[in-house]
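The sequence and the structure are shown below.

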Amino acid sequence: MLIRNIEEIPSFPYGEGASKRVIFGDQEKAPTFAMRVFDVPPGGASSDHSHEFEHEVLILRGEGVLKGAWGNAPFSEGSAILIQPNETHQLVNTGKDPLRFVCIVPLRGEDADCGLSGPSGRWRVIALIVVVVVIVGLLVWGFSTRGLAP
Ligand SMILES: [Zn+2]
């Protein structure tokens, strides 16, 4: 058994100005599901993406639209949303107050859903930067050995 206060859980940047907290997941030894809480400021949005697992979302506060192939579906406090596997989705805060929602995914989806957010996502960004720096370095070195560099 575990009781946590979400305000005491560190958050990570996510999507467009949003932040994400993993309430229960791998680190808490949850066997099947991951529970996350997202905060989206007015005008912000979660990332626009799709994946092979579902989302079960509960809007705790605020309002907005769910963007997808269906267009813009409005939601507000108390709305519960099921996003099926492979549906492209993005939650946009169109209100004037902060938007907060719970999103539950299968455990295997927690990291995969992050895109470029969370600690592992940061490592992916760092790895990408290292690769770009190495490629640019090799190009500059290649040009300089041919005497084409300025
Ligand atoms: Zn998603």
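In this predicted model, 64% of the contacts between residues at least 6 apart in sequence join residues at least 24 apart. The chain has 150 residues, of which 23% are buried. Its secondary structure consists of nine strands and two helices, and the order from the N terminus is β-β-β-β-β-β-β-β-β-α-α.

**Strand pairing**

Strand β2 takes part in two antiparallel pairings, listed here with their bridges.

| Pair | Residue ranges | Sense | Bridges |
|---|---|---|---|
| β1 and β2 | 12-14 and 18-24 | antiparallel | three |
| β2 and β3 | 18-24 and 33-40 | antiparallel | five |

On the β3 side, Arg21 stands opposite Val37.

**Nonpolar core**

The largest nonpolar core comprises 17 residues, and Phe38, Val40, Leu91 and Phe101 have the most contacts inside it. At least two residues of this core come from each of β2, β3, β4 (55-61), β8 (90-92) and β9 (99-106). Strand β9 provides the largest share, with four residues. In soluble globular proteins, nonpolar side chains tend to be buried together.

Which residues does Leu91 touch, leaving aside those up to four places away in sequence? The contacts of Leu91 are Val40, Ala45, Ser46, Gly64, Leu66 and Phe101. Two of these residues, Val40 and Phe101, are also named among those with the most contacts inside the core.

Key
Residues are numbered from 1 along each chain as its sequence is written. This is a predicted model: local features need pLDDT of at least 70, side-chain atom pairs count only at pLDDT 80 or more; totals for chains, interfaces and linings use all residues. A residue is buried if 20 or more other C-beta atoms lie within 10 Å of its own, exposed if 12 or fewer, and partly exposed in between; C-beta atoms are placed from the backbone. Two residues are in contact if their C-beta atoms, placed from the backbone, lie within 7 Å. Two strands pair if DSSP finds at least two bridges between them. A nonpolar core is a set of buried Ala, Val, Leu, Ile, Met, Phe, Trp, Tyr and Cys residues joined through C-beta atoms within 7 Å.
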